[in-house]
Amino acid sequence: MKFTTLLASAAMALGLASGAMAADDKTKVGFVYVGPVGDGGWTYEHNKGRLAVEEEFGDKVETVFVESVPEGPDAERVMTQMALEGADLIFTTSFGYMDPTINVAKKFPNVKFEHATGYKTADNVAVYSARFYEGRAVQGHIAGKMTKSNIIGYIGSYPIPEVIRGINSAYLHAKKVNPDVEFKIVWAYTWFDPAKEADAATVLIEQGADVILQHTDSTAPQAAAQEAGNVVTFGQASDMSEYAPFPRVSSIIDDWAPYYIARTKAVMDGTWESANTWDGIREGMVAIGEISDAVPADVKEEALALKAAMAAGEYHPFTGPIKKQDGSDWLAEGEVADDGTLAGMNFYIEGLEGEIPQ
Amino acid sequence: MDLGEINPVLLVASLMVAATPLLLAAIGELVVEKAGVLNLGVEGMMIVGAISGFAISVETGSPWLGFIASAIGGAVLSLLFVLLTQVALANQVASGLALTLFGLGFSALLGQSYVGVKPPSMGDIHIPLISDIPVIGPIFFQHDPILYVGIALTAGVWATLKYTRVGLILRAVGENHDAAHALGYKVIKIRIMAILFGGACAGLGGAYISLIRVPQWTEGMTAGVGWIALALVVFASWKPWRALLGAYLFGGITVLQLNLQAAGVAIPVEYLAMSPYIITILVLVILSADKSSAPASLGRIFHASH
């Protein structure tokens, strides 16, 4: 602790002495990524957001990033390094960076931190996330209509609220259009491991699934589905259009660029404040990738109508009556889930089998 | 929960696929370590093999050329290690780590234009008659050729190390390089050959992931298999057949635990997820209770003047 404070103050003194002028006219923005920028999914989209910031502000901004940073103590080291190098704003783009972000933020009160998909905030730590579950509702609808075996495979990453929300939302909307549908869920315990993701997809396919939903970052499950020939998939986090029109029939796309630009601007203007942002289809943070022709026209129309209803704010994916897995009531008729419950969601809804790993 | 949904035949068949990259890399590293060199760059050589194999097979349309290219790619990268440790006499641990870091970055650079491309398929060998035998056919006789290469390589390495003069010399160099040198064997030359062989095997293993197991190119796609291969060599007490057993055990439990999850077995997922590591280590540690130990000169630098 003392050593880092010493380092920090030394760096600050240096910064004040040598770079006062240079530092003031350039805003330095750092990004910490959990996977490589070439994963074609989650990190790829965050990096697109970073490039958009560079394009927007040109010479006035300098961005740095570190990719494939493990969630844990290593992340703390990377963030500390970025802060010491004079970053004004640091985006930490994975759930597992939550505590490291808070820890490092304490040591650097003048640096702004933005943590994706978490829930812990501080004076200089904001959190932001996208309402992916809105996209999952559209996916679930299409999946329920497309499955012939009535078995839908789901590759989960870690049992955290964000992933559980996605499973619940997809299941709810698949069940609505296809009462016989069954979900098989496999937890991969990784965000990025193409070989393992491919194995998980293969296992699900071998056990009868003909639709695969994934909450991991790489395109490996798409390749496995393509190999199998008759299995439907959806792009995750990024469009993954290289697998369109089949097996990838649609996708959830995260668009971070407007948010990153707005927050960078706020730091430049000195108006940055800690906030809790949770945007969805309406604000454009969640987009639905083109629904390919492999989907029947009427299903496509329904899916687009569902998307439009959410964009207009007329429909909430978690609208009652919904029961929890154990049969107890969660939402009454017409009741809409509040953000607090959704943010901390740690239960399956009625009909899903298996237990959430604790 | 319905165990009936798990098809044991498909399970065994897919565990062999899951184990092959690990096996290839481990056999290569085993030979390197038997020669007394510790190359921690397996992960780097694998990923470079993965991209060079992928790129060449996409460009030429031939997976065979791809696999040959991957072996060459892995071997070329290991030349860097040769240069550092055998010529410049640098520390092997540091050089190996550097090799991994370099390989990961370099492969990402090479692979820029190959993201999202589909490689040509190798197809499985269907040997007439025997591949049609129920149960045994799908398990043993309906795989891609490289899987058999892995098994053949294990047998070859075992036989070479145990029964041939070349194997004896290689082991002598690994056990006591000064004595081997005194007897007139070219220690450096033999080690270079072993390192190149290890690089080629690691490259093949990497290409197996990018061309057959996944099949696509993604940055960092080996995701730690190289490190597991390194550990496997130690736990297998530097014995080829045990490395094969370990690789199949590891691959098998990895696939089995995913199957159990999908079938909804009521075992906490955390235990399932860690089971491949624990069971593989346990079994191999129990097996290595006999007096098998590391090559005595492992990791030590050789110079004729010492």
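A: Domain bounds here come from an automatic or database domain assignment. This is a predicted model, where local features need pLDDT of at least 70 and side-chain atom pairs count only at pLDDT 80 or more, while totals for chains, interfaces and linings use all residues. Residues are numbered from 1 along each chain as its sequence is written, chains are lettered from A and ligands numbered from 1 in the order in which they are written.

Start with chain A. Its assignment gives domain 1 (2-130) and domain 2 (132-254 + 285-312). Taken over C-alpha atoms, the centres of domain 1 and domain 2 of chain A are 32 Å apart. Between them, 13 residues of domain 1 of chain A are in contact with 15 residues of domain 2 of chain A (C-beta atoms, placed from the backbone, within 7 Å). Helix 2 (residues 42-57) of chain A gives the largest share of the domain 1 side, 4 residues. Helices (H or I, at least four residues) and strands (E, at least two) are DSSP runs, numbered from the N terminus. By class, the domain 1 side of that contact has 5 nonpolar, 6 polar and 2 charged residues. Nonpolar means Ala, Val, Leu, Ile, Met, Phe, Trp, Tyr, Cys and Pro; charged means Asp, Glu, Lys and Arg; the others, Gly among them, are polar.

Next, the sheet. Chain A has an open sheet of 6 strands, in the order 7-6-8-9-10-12, with mixed pairing. Strands pair if DSSP finds at least two bridges between them. Strand 7 (182-187) and strand 12 (286-289) of chain A are the edges, each pairing on one side only. From one strand to the next, the twist averages 20° (axes are lines fitted to C-alpha atoms, for helices over the stretch in contact, and angles run from 0 to 180 degrees between N-to-C directions). Strand 6 (residues 151-156) of chain A runs parallel to strand 7 of chain A, and 6 bridges join them. One bridge pairs Gly153(A) with Lys184(A) in strand 7 of chain A.

Now the neighbour. Chain A puts 30 residues in contact with 32 residues of chain B. On the chain B side, the elements giving two or more residues are helix 1 (8-34), helix 9 (187-213), helix 11 (240-263) and helix 12 (269-287) of chain B. Helix 11 of chain B gives the largest share, 7 residues. The chain B side divides into 17 nonpolar, 11 polar and 4 charged residues.

Definitions and conventions. Contact = placed C-beta atoms within 7 Å.
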